[in-house]
Amino acid sequence: MAVFNLTLSDPSTFTLMGIPGLEAAHVWISIPFSMFYIIGLLGNFMLLFVVGKEKTLHKPMYLLLCMLAFTEIITSTSIVPKALCIFWFNLKGITLDDCLTQMFFLHTGSMMHSAVLVTMAFDRYVAICNPLRYDTILTNTRIAKLGLVGLIRTVLFILPLPLLLRRQPFCTNRIIPHTYCDHMAVAKMSCGDITVNRTYGLVMAFIVIGLDLTLVALSYALIIRDILRNSSKKAHQKALNTCTAHIGVMLMSYPSFFFSTLTYRFGQGIAPHVHIILANLYLLIPPMLDPIIYGVKTKELRDKFSKYIWRR
């Protein structure tokens, strides 16, 4: 306890409380958290391994899946190890620099995840609406360039968040009622004016994610138009099978993102422990399910997975 008190007295240290009101259940809560995290890591690393080993999978669609897997590994790994330290060992202290670093990688991973989903929507549009030119429009090099553009965009938008907070004066009471350093959770610890931080975070999130959703919606509107023009039931079924996995991943990602973002600003009526649990699940469930969804829905990938899983 003496060590813990010494940590609290350090002016550069924050205290992450975990899930307020459910401290007695932290050990039990850690069980599904750690299971989701481990399953997600195994699935995403397996995806990266299989695509890397199999030259027949060195195609744009699988390169995008690797990008998606990489962002999910970054996002979940930025929060789960610290959360488990809180749940298991009551290690709640975190320095300001570590807190801002965690925040940067967390939000970078989330925004990059959205950028990859947009590129995947464009990939599905070309595959369905212009299949004969697919190989010339979407090459591996072009996908890599699109990924780089998405990364640059993400860093340019996310980097101001920790930089603005770094300049803020923080109050003596530096207790963050959360399992990780979310932008608004840390901003509320400031004794200064956080209007710029609050406005920039909200506007940035809705402009970037709003633009991404608009591009995704446009891609699917063009896909639907092309399907309706084609009277073949076989073509309809093929298009549906092609898009099902991507739609499923988006339905897990975007609604959860908006719920988590809006709750911090306007969700005063929502119990804190409910918000914190759902915010963590938003970062844990997609990394766990996405490799399963794509593994089940993509025959070529499913066959390669089986080759390595059942190999004697």
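Guide: Two strands count as paired here if DSSP finds at least two bridges between them. Strand E1, residues 13–16, meets that rule with E2: three bridges join the two, and they run antiparallel. Within this pair, threonine 15 stands opposite glycine 93 of E2. This is a predicted model, and the mean pLDDT of the protein chain is 87, with 90% of its residues at 70 or more. Residues 1–9 are below 50, and beyond near neighbours in sequence that stretch has five contacts in the model.

The whole sheet is open and has three strands in the order E2-E1-E3, with mixed pairing. Strand E2 (93–95) and strand E3 (175–176) are the edge strands, each pairing on one side only. Helix H4, residues 96–129, packs on the sheet and touches E1, E2 and E3. The direction of H4 makes about 85° with that of E2.

The buried residues of H6 are Ile143, Gly147, Gly150, Arg153, Thr154 and Ile158. They lie on the same side of H6 because they cover an arc of only 125° around the axis. On the other side, Thr141, Lys145, Val149 and Leu156 are exposed. The length of H6 (residues 140–158) also fits: at 1.5 Å a residue, its 19 residues should span 27 Å, and the end C-alpha atoms are 27 Å apart, which agrees.

Methods
Residues are numbered from 1 along each chain as its sequence is written. This is a predicted model: local features need pLDDT of at least 70, side-chain atom pairs count only at pLDDT 80 or more; totals for chains, interfaces and linings use all residues. Side-chain values use heavy atoms; hydrogens and water are left out. Helices (H or I, at least four residues) and strands (E, at least two) are DSSP runs, numbered from the N terminus. Contact means heavy atoms within 4.5 Å. Axes are lines fitted to C-alpha atoms, for helices over the stretch in contact, and angles run from 0 to 180 degrees between N-to-C directions. pLDDT is the predictor's confidence in each residue, from 0 to 100. The expected span of a helix is 1.5 Å times one less than its number of residues. Buried means under 20% relative accessible area, exposed over 50%, partly exposed in between (1.4 Å probe, protein chains only). The arc is that of the directions from the helix axis to the C-beta atoms.
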